Amino acid sequence: MARLGRFSQCGAAVALLSALALGACASRGKGSAAKTGNGKMFAVISDSTSFYRYGPQQGNGPDQTLPKDTLLTLIRPSFGYSKVQLVVGGNEGYVSSEDIKPAPPTLLAALNPPPPKPDEREHFDTQSNEPPPPETLPDPDLPPASTVPLPEP
């Protein structure tokens with residue numbers, strides 16, 4: 001009898017460890033499936049699409065209409081309606097999966113404009129011991145600008 005109890009305890013431990021391992025695998029699978037859409041930029045490809053804040057079956061109709069080329073971050077892809085986050089504004093909601101596609105590189109480039117060109121003006125070293133360059137002043141013989149009559153058009 002004592003032998004039988006020992007084997008049943010080992011069997012129970014093996015069953016418990018197996019269940020935990022299967023549970024970990026199942027939860028990993030869910031996590032990776034949910035991550036497949038994270039961070040992917042999508043854009044509206046139809047002329048416009050309805051945006052539902054809480055789901056397409058909400059009682060009051062769409063919350064917004066998104067125009068073509070609206071950028072979205074895909075949160076959870078789905079067959080009918082996908083969960084997305086708007087790039088501008090950050091609102092989360094649902095749009096028709098048929099109305100969105102991966103964003104083309106041109107739209108992504110517009111999202112991250114190139115850095116501005118360096119200023120073309122002359123810069124001076126304020127720590128320099130050299131004197132500043134001479135300023136160009138107007139000719140002292142010219143009348144002040146406020147007294148010069150403007151030509152009639």
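## Asp69 and its loop

Asp69 lies in the loop that links β3 (64-67) to β4 (71-76); helices (H or I, at least four residues) and strands (E, at least two) are DSSP runs numbered from the N terminus. The phi of Asp69 is near 70°, a positive value in a residue other than glycine. Most residues other than glycine have a negative phi. Asp69 is partly exposed, at a relative accessible area of 39% (buried is under 20%, exposed over 50%, partly exposed in between; 1.4 Å probe, protein chains only).

## Basis of the model

This is a predicted model, in which local features need pLDDT of at least 70 and side-chain atom pairs count only at pLDDT 80 or more, while totals for chains, interfaces and linings use all residues. Residues are numbered from 1 along each chain as its sequence is written, and side-chain values use heavy atoms, with hydrogens and water left out.

## Overall make-up

Two helices and seven strands are present in the protein, in the order α-β-β-β-β-β-β-β-α from the N terminus on. Of the 153 residues, 19% are buried.

Among contacts (heavy atoms within 4.5 Å) with a separation of 6 or more, 52% are between residues 24 or more positions apart.

## The five-stranded sheet

Five strands form an open sheet in the order β6-β5-β4-β1-β7, with antiparallel pairing; two strands pair if DSSP finds at least two bridges between them. β6 (92-96) and β7 (100-102) stand at the edges with a single partner strand each, so one side of each has no neighbour in the sheet.

Strand β5 (residues 81-86) runs antiparallel to β6 and is joined to it by five bridges. Ser82 has Val95 in β6 as its bridge partner.
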